[in-house]
Amino acid sequence: MFILTTEHLTRRFGDLAAVDDLTISVEEGEIFGLLGPNGAGKSTAIKMIITLLPPTSGRVCVGGFDLAHDSNKIRRLIGYVPQILSADGTLTARENLTVFASLYDIPRKERSKRIDESLALMELTEASDKLVKNYSGGMIRRLEIAQSMLHRPKVLFLDEPTIGLDPVGRKAVWDHIQKLRDNFRTTIFLTTHYMEEADKLCSRVAIMHLGKLAVAGVPADLKISLNIDNPTLEDVFTHYTGGILDRGDSYREARNTRRTAKRLG
Ligand SMILES: Nc1ncnc2c1ncn2[C@@H]1O[C@H](COP(=O)(O)OP(=O)(O)OP(=O)(O)O)[C@@H](O)[C@H]1O
Ligand SMILES: [Mg+2]
């Protein structure tokens with residue numbers, strides 16, 4: 001069963017079609033990866049699906065609700081960790097979680113239990129009373145995931161959950177994402193630039209390029225379809241995006257160069 005579908009989803013900013021006729025579907029309980037170069041339209045697509053940005057045209061359904069009529073109901077079904085930081089460094093993890101528990105209207109008598117469970121699930125119990133500004137990047141990401149899971153959403157949106165993390169931090173985040181899926185059957189919708197991870201963890205991926213859907217499918221099938229020796233998901237990505245890294249402005253280019261430099265190490 002599909003828990004999320006988009007049909008011809010489009011968002012324009014002036015002349016730019018940031019998301020252009022995107023039709024995708026996500027099955028309940030799967031880890032779905034939305035991939036694409038910088039500026040492809042991934043974050044814009046997520047923002048429309050989670051009701052933060054009105055589409056120019058097209059349709060979105062989440063959990064049987066149509067975005068055009070029932071965006072409030074959709075909001076109650078979802079959790080979101082944005083690409084930018086969403087935890088407050090001047091608070092402890094427990095305090096951050098308390099803020100989100102009231103935001104999500106978790107009944108007062110359940111709050112502390114829910115917070116303790118979330119801390120344990122993300123392995124942050126020991127550090128729970130330390131200020132978040134002293135956390136590692138990986139711990140902050142895990143806290144943000146804990147925040148977004150407090151109300152037990154059916155679908156969790158993670159926009160580049162592992163960006164900037166070292167391999168150990170990245171692995172921990174991925175392990176915990178899998179745990180959420182296994183423990184709560186949460187559907188995970190994520191974006192990433194790490195093809196190896198997407199290959200390992202996503203049951204299906206969609207690759208966007210210049211706002212459009214370039215290809216979607218099971219990673220193994222996409223690799224086989226290339227008809228080359230030892231294909232990787234990186235090869236699939238390059239094939240469908242023409243190896244072009246982005247379409248952006250100078251800010252994006254600068255950021256991209258830094259990322260590329262980092263990748264090349
Ligand atoms: N609010 C906005 N106003 C104008 N243009 C925007 C706005 N938001 C996004 N864009 C443009 O839309 C395009 C898609 O951006 P988006 O952030 O969705 O890409 P992305 O795939 O998430 O990229 P990245 O991998 O760098 O996060 C870009 O060209 C971007 O500059
Ligand atoms: Mg983005």
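## Ground rules

Residue numbers start from 1 along each chain as its sequence is written, while chains are lettered from A and ligands numbered from 1 in the order in which they are written. Since the model is predicted, local features need pLDDT of at least 70 and side-chain atom pairs count only at pLDDT 80 or more, whereas totals for chains, interfaces and linings use all residues.

## The overall picture

The C-alpha trace spans about 55 × 45 × 35 Å along its principal axes. Of the 265 residues, 40% count as buried, meaning that 20 or more other C-beta atoms, placed from the backbone, lie within 10 Å of a residue's own. Among contacts with a separation of 6 or more, 69% link residues 24 or more positions apart; a contact needs C-beta atoms, placed from the backbone, within 7 Å.

## Strands β6 and β7

Strand β6 covers residues 78–81, with I78 and Y80 pointing one way and G79 and V81 the other, and all of them are buried. Its parallel partner is β7 (residues 155–159), joined to β6 by four bridges; strands pair if DSSP finds at least two bridges between them. Within this pair, V81 faces L158 of β7.

## A look at H209

H209 belongs to strand β9, residues 204–209. It is buried because it has 21 C-beta neighbours inside 10 Å. Beyond its neighbours within four places in sequence, H209 contacts G36, P37, A40, A214, Y240 and T241. E197 is 12 residues from H209 in sequence, yet their C-alpha atoms are 19 Å apart in space.

## Around ligand 1

There are 14 residues around ligand 1, and A18, N38, K42, S43 and T44 come nearest (a residue is near if its C-beta atom, placed from the backbone, lies within 6 Å). Two elements, β2 (16–27) and α1 (42–49), each give two or more residues to this shell. The largest share, three residues, comes from α1.

Conventions. A residue is buried if 20 or more other C-beta atoms lie within 10 Å of its own, exposed if 12 or fewer, and partly exposed in between; C-beta atoms are placed from the backbone. Two residues are in contact if their C-beta atoms, placed from the backbone, lie within 7 Å.
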